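Please walk me through the pockets and the aromatic contacts of this protein.

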Amino acid sequence: MSVSCGIVGLPNVGKSTLFNALTAAGAEAGNFPFCTIDPNVAIAEVPDPQLDLIRAHIESQKIIPASVKVMDIAGLIAGASKGEGLGNKFLANIRETDAIMQVVRCFENPNVVRDTPVDPKQDMEVIELELALADLETIAKGIDRASKKARAGDKDSIFERDTFERAHGAIEAGTPLRAVDWSERELQALKPLCLMSTKRMLYVANVADDDLDGSGAHALAVAEHAAATNSEWLPICTDIESELRGLDVEERLAFMEDLGISELALGRLIQSTYALLGLQTFYTAGPKEIRAWTIHKGWTGPRSAGVIHTDFEKGYIRAEVYSVADLVEHETEAAIKAAGKMRTEGRDYVMRPNDVCHFLVGK
């Protein structure tokens, strides 16, 4: 399955600098109020040490890591929901993503353009108000559409109308839809509306180089808001991350050690995004390729096999499964089998993190 994240925020908060640090794609981080209309898009490989462990024991022509599509969406401004600053285009880009990374400025710098004092809480409220206002308009249209069918007594339409009205009321009360406790049926009813405030949010506190742990007042305001809206947050200094990207490996590691940074931003952001979306990874390994595949936690063997090819889900018979830890311990698949650690799993098997699978599929 593919995973996409949209990087959003007000102008000049460090979105494009973060994009550069994540992807090394060369997006220009300009110090001006408006950025490009169309988002910069890149595919970021997911850092995964498990792939190297598998490759150490299984000869293969290539390694294919999982990937995440990252979109650097041009800066939103107040009034975006009404089309200000080409807001409709920006909002359409956000609707296409699975998760949102909201970059929040948590540093003081007179050289970076800003009309008002740094205020993370206000900045987050501006972004979320625009998303909520756009969602209200979408939901209102959904209520009108469902109500017409509900008047004829259609039970599904009555349920949709009631669900939409509940969502409309939550937003009017100032509650992001991601913070509401929805049933699975309600979520399915809301899904076609592509509402932005249902999307999982990861707040990225763009901190100064003297607040890398996010203990300053600005970063703590982000942490408090994230907790209140059922979201996650991370402190990251995008300037340092961008600088680290430009160093060779030895210089980078030495600089990271001096700063007390154990991992680059990409790894931390991907891990947080996977946790936010309830994702995990399984692997296939053979002489042609070793590959990481992304699935949702709780998926069964057949559904996971369908990520490789849709026919695999239909024709799934069984899977031979072992863990990366089994491979490290026993070193070869033959030794894993001899030790009785190679499991045969049927259609009801729920995939575990770091499974390595061989699927048997019929026609």
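**Pockets and rings**

The lining of the largest pocket consists of 13 nonpolar, 5 polar and 10 charged residues (nonpolar: Ala, Val, Leu, Ile, Met, Phe, Trp, Tyr, Cys and Pro; charged: Asp, Glu, Lys and Arg; polar: the others, Gly among them). The model is predicted, with local features needing pLDDT of at least 70 and side-chain atom pairs 80 or more, while totals for chains, interfaces and linings use all residues. Residues are numbered from 1 along each chain as its sequence is written, and side-chain values use heavy atoms, leaving out hydrogens and water.

A pocket is an open set of points on a 1 Å grid over the protein atoms alone, where a 1.4 Å probe fits, with protein on both sides within 12 Å along at least five of seven lines; lining residues have an atom within 4 Å of a point. The largest pocket holds about 1,100 Å³ of space. Nearest its centre lie Asp98, Gln188, Lys191, Leu277 and His296. Helix H6 (184-190) gives the most to this lining, with 4 residues.

The second largest pocket holds about 510 Å³, and H10 gives the most to its lining, with 6 residues.

Rings of Phe, Tyr and Trp (its six-membered ring) pair if their centres lie within 6.5 Å, and planes over 60 degrees apart count as edge-to-face. There are 2 aromatic pairs by this rule. Phenylalanine 282 and phenylalanine 359 are paired edge-to-face, at 5.9 Å centre to centre and 90° between the planes. Phenylalanine 282 lies in strand E8 and phenylalanine 359 in strand E12, so the pair ties together parts 77 residues apart in sequence. Ring pairs link Phe282, Tyr316 and Phe359 into a cluster.

Note on methods
Phe/Tyr/Trp six-rings, centres within 6.5 Å; stacked < 30°, edge-to-face > 60°. Helix = DSSP H or I, 4+ residues; strand = E, 2+ residues; numbered from the N terminus. Points joined across faces, edges and corners; volume = space filled by probe spheres on them.
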